[in-house]
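Please look over the sequence and the model below before reading on.

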Amino acid sequence: NYSRWLIANEPYFIKYKASYEPYIMIKRINLRRYDARFRGYGWNKIVHLLTLAWIDKISWIVSNDCFIFHIPHYSSRDANNY
């Protein structure tokens, strides 16, 4: 919900939406490890985020006063396998 983020004056809680791939900042202590079998292409980050959301019940907070951007890149060589 980018329109909400643009006008937010303070951080706010959200529920994780399946298939969304946000960049996250999270404390690594006691965090479930990323499953390296998902390296390459095909839902690797989404599976990890779903695990954090649905199994570990992580609380998701949107920061209102910072942002990052993604630099477009070519698809990986594994992209055609999925």
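A residue is called buried under 20% relative accessible area, exposed over 50%, and partly exposed in between (1.4 Å probe, protein chains only). By that scale, R32 is partly exposed, at 37% relative accessibility. The model is predicted, so local features need pLDDT of at least 70 and side-chain atom pairs count only at pLDDT 80 or more, while totals for chains, interfaces and linings use all residues. Residues are numbered from 1 along each chain as its sequence is written, and side-chain values use heavy atoms, with hydrogens and water left out.

Confidence comes next. pLDDT is the predictor's confidence in each residue, from 0 to 100. The chain averages 84, and 89% of the residues score at least 70. Where pLDDT is low, the predicted coordinates should not be read in detail. Helices (H or I, at least four residues) and strands (E, at least two) are DSSP runs, numbered from the N terminus. Among these elements, β1 has the highest mean confidence, at 95, and α2 the lowest, at 88.

The chain has two helices and two strands, in the order α-β-α-β from the N terminus. Of its 82 residues, 20% are buried. A contact means heavy atoms within 4.5 Å. Among contacts with a separation of 6 or more, 67% are between residues 24 or more positions apart. The chain exposes about 7,700 Å², with 56% of that supplied by carbon and sulfur atoms; the areas come from the Shrake-Rupley method with a 1.4 Å probe, and for residues only the protein chains shown count as cover.

Which residues make up the largest nonpolar core? A nonpolar core is a set of buried Ala, Val, Leu, Ile, Met, Phe, Trp, Tyr and Cys residues joined through side-chain atoms within 4.5 Å. Here the largest has seven members: Y16, I46, L49, L50, L52, A53 and W60. Helix α2 gives the most to this core, with five residues. Leaving out residues up to four places away in sequence, A53 touches Y16, I58 and W60. In soluble globular proteins, nonpolar side chains tend to be buried together.

Now the charged side chains. A salt bridge is a side-chain nitrogen of Lys or Arg within 4 Å of a carboxyl oxygen of Asp or Glu, and the whole structure holds two. One joins K45 and E21, at 3.4 Å from N to O. Because K45 lies in helix α2 (residues 44-55) and E21 in the loop between β1 (12-14) and α2, this pair ties together parts that are 24 residues apart in sequence. Both partners are partly exposed, K45 at 41% relative accessibility and E21 at 35%.

The other salt bridge is between R32 and D56, whose closest N and O atoms are 2.7 Å apart. R32 sits in the loop between β1 and α2, and D56 in the loop between α2 and β2 (60-62), so this pair too links distant parts of the chain, 24 residues apart. D56 is partly exposed, with a relative accessible area of 29%.

T51, in helix α2, is in contact with both R32 and D56, its neighbours within four places in sequence being left aside. T51 is buried, at 17% relative accessibility. A polar atom of the T51 side chain lies 2.9 Å from the backbone oxygen of V47. V47 also belongs to helix α2 and is partly exposed, at 25% relative accessibility.

Definitions and conventions:
A polar contact is a pair of N or O atoms within 3.5 Å; within protein, one must be able to donate a hydrogen and the other to accept it, and residues adjacent in sequence count only if both atoms are side-chain atoms.
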